[in-house]
Amino acid sequence: MLAAMPPESPKRPQPGEGHIRKRPSGRVRDRGDACPGALKLHRADDGALARLRLPTGVLTERQIRVLADAADRLGDGRLSLTSRGNLELRGLGEGCGLGLAELLREAGLLPASEAHERIRNMVVSPLAGPGVQAAARELDALLCARAWTTGLSGRFLFAVDDGRGDVAALGADVTLLAAEDDGFLLAAAGRVYRIAGPDAPAAALAAARAFLSAAETAGTGAWRIAELPRAGREMDVTGQLARAGVAAAPAPVPPTRSCAPPPPGLLAGGFVSVLARLGRVTSDQLRALLPAPEIRVTPWRGFVLPGLAGEAARSRLMELAAAGYVTEVHSPWAGVSACTGRPGCAKSLADVRADARPVGGGLPVHWSGCERRCGHPRGDWVDMVATGEGAYRQTVHTRAGGSEVMFHVKHDQKDPGLAPDVSRETVPGPRTRPTSPQQR
Ligand code: SF4
């Protein structure tokens, strides 16, 4: 659940890591991060893109309406959900940045200081109770109240886990994991501390400060703890906790436990859970979540509605199925995700959203238009990377061995699967095993 200190031995680069290899200058990053934000729009091939951080993942009914209206009036009428539980508006027109900022500010979706807008990166267990949610809100408030936190990159990630281990498994830089005694475990750079509940947000902030201090000393431009020399072993987390006045006792790394995300359907505790097909919703689909006093966005590209039970919950689930959401755990589309691909991303070799289909054989499957594999899942997953128009390399990322296989996507309504690409080489690989396109 929480990562132990990673090994120092060289390892094969994992998907998405290729671009952080050390440069001849010794730096791992030679520029500040260019992550888009709600105020710093990114120019994409399908118009401007705004990424809105949702630090606690919770939206009100009014905020849902504002976002749906903004997508209709300013964008392409849709919103994308990211693997960090953020929302993106795409296809924004030239010069709409000020108008969008005004809408978001009035809806309470932006921090008081613009400089903090992109550093509120946090994932929170979607089924968390009030105590864990309060800790996440307080951590966000602390982040936005300190000037030094603007030195964090837009990639630095906090996780606040309610103890079940779902968001603790998402590879955050700093993790708070609720413990049974109302306290938390703080995990950062391979070290774990036991912290009293009221001190947990300050403890997470202290760990972030320890990272910034270590990053400054290293001078390599690291954006995340894993990019520090020796994966952050030199970070003085203990010292920063003491300077922050936080009592912290070193603790053992807790055992790994099952950390499945909330499945679609009706969940114990009065939750309705749905997934957005390929992580994108129309503005009408967003409005279909209402009425609801609270809507939680998940890092698995879905929504959770709390406070629903019995017949009311069943009927909401049916309405959301009719609106186009994935509402059943056995749906072939549960666990299928795709990057933006063409035409939105200039780097893409294919229209991956049109090509994407369920071929995971029970594992999450992610379709990518290039080797960056934006938004790919963690853990065991099937990796479909475009190598050309309609051609993909399939790799299964598990602890078992195997090989990579090349496929063509068939755009045949009667048989919309994959065809082995005999014109391309099948590559043996030590960390992968092939799946058959029939495994759906
Ligand atoms: S994986 Fe490549 S093609 Fe897909 S969105 Fe990222 S950069 Fe673009």
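Predicted model: local features only at pLDDT ≥ 70, side-chain atom pairs only at ≥ 80, totals over all residues.

Me: What is the phi of Arg301?

Reply: Most residues other than glycine have a negative phi. Arg301 has a positive phi of about 60 degrees, although it is not a glycine. Asp182 also has a positive phi, of about 70 degrees, and is not a glycine either. Asp182 is found in the loop between strand 8 (174-178) and strand 9 (184-188).

Me: Is Arg301 buried or exposed, and is Asp182 buried or exposed?

Reply: A residue is called buried under 20% relative accessible area and exposed over 50%. Arg301, with 12%, is therefore buried, whereas Asp182, at 67%, counts as exposed.

Me: Which residues does a cis peptide bond join?

Reply: Most peptide bonds are trans. Here a cis bond joins Leu290 and Pro291, with omega about 0 degrees. Pro291 is in the loop between helix 6 (283-287) and strand 15 (295-298). Another cis bond joins Arg342 and Pro343, with omega about 5 degrees. Pro343 is placed in the loop between strand 17 (336-338) and helix 8 (352-355).

Me: How many aromatic pairs does the structure hold?

Reply: A pair of aromatic rings is described by the distance of the centres and the angle of the planes. The structure holds 4 aromatic pairs. One of them is formed by Phe156 and Phe158, an edge-to-face pair with 5.5 Å centre to centre and 70 degrees between the planes. Phe156 also pairs with Phe211: this pair is tilted, with 4.9 Å centre to centre and 35 degrees between the planes.

Me: Which parts does the pair of Phe156 and Phe211 tie together?

Reply: Phe156 lies in the loop between helix 3 (130-145) and strand 7 (158-161), and Phe211 lies in helix 4 (residues 200-218), so the pair ties together parts that are 55 residues apart in sequence. Phe156, Phe158 and Phe211 form one aromatic cluster. Phe156 is buried, at 1% relative accessible area; Phe158 is buried at 1%, and Phe211 is buried at 2%.

Me: Where does Arg29 lie, and where does Arg277 lie?

Reply: Arg29 lies over the face of Trp223, at 3.7 Å from the ring centre. Arg277 lies over the face of Trp333, at 3.8 Å from the ring centre.

Note on methods
Residues numbered from 1 in each chain as written. Heavy atoms only, no water. Phe/Tyr/Trp six-rings, centres within 6.5 Å; stacked < 30°, edge-to-face > 60°. Buried < 20%, exposed > 50% of the residue type's maximum accessible area, 1.4 Å probe, protein only. Helix = DSSP H or I, 4+ residues; strand = E, 2+ residues; numbered from the N terminus. Lys NZ or Arg CZ within 6 Å of the ring centre and 35° of its normal.
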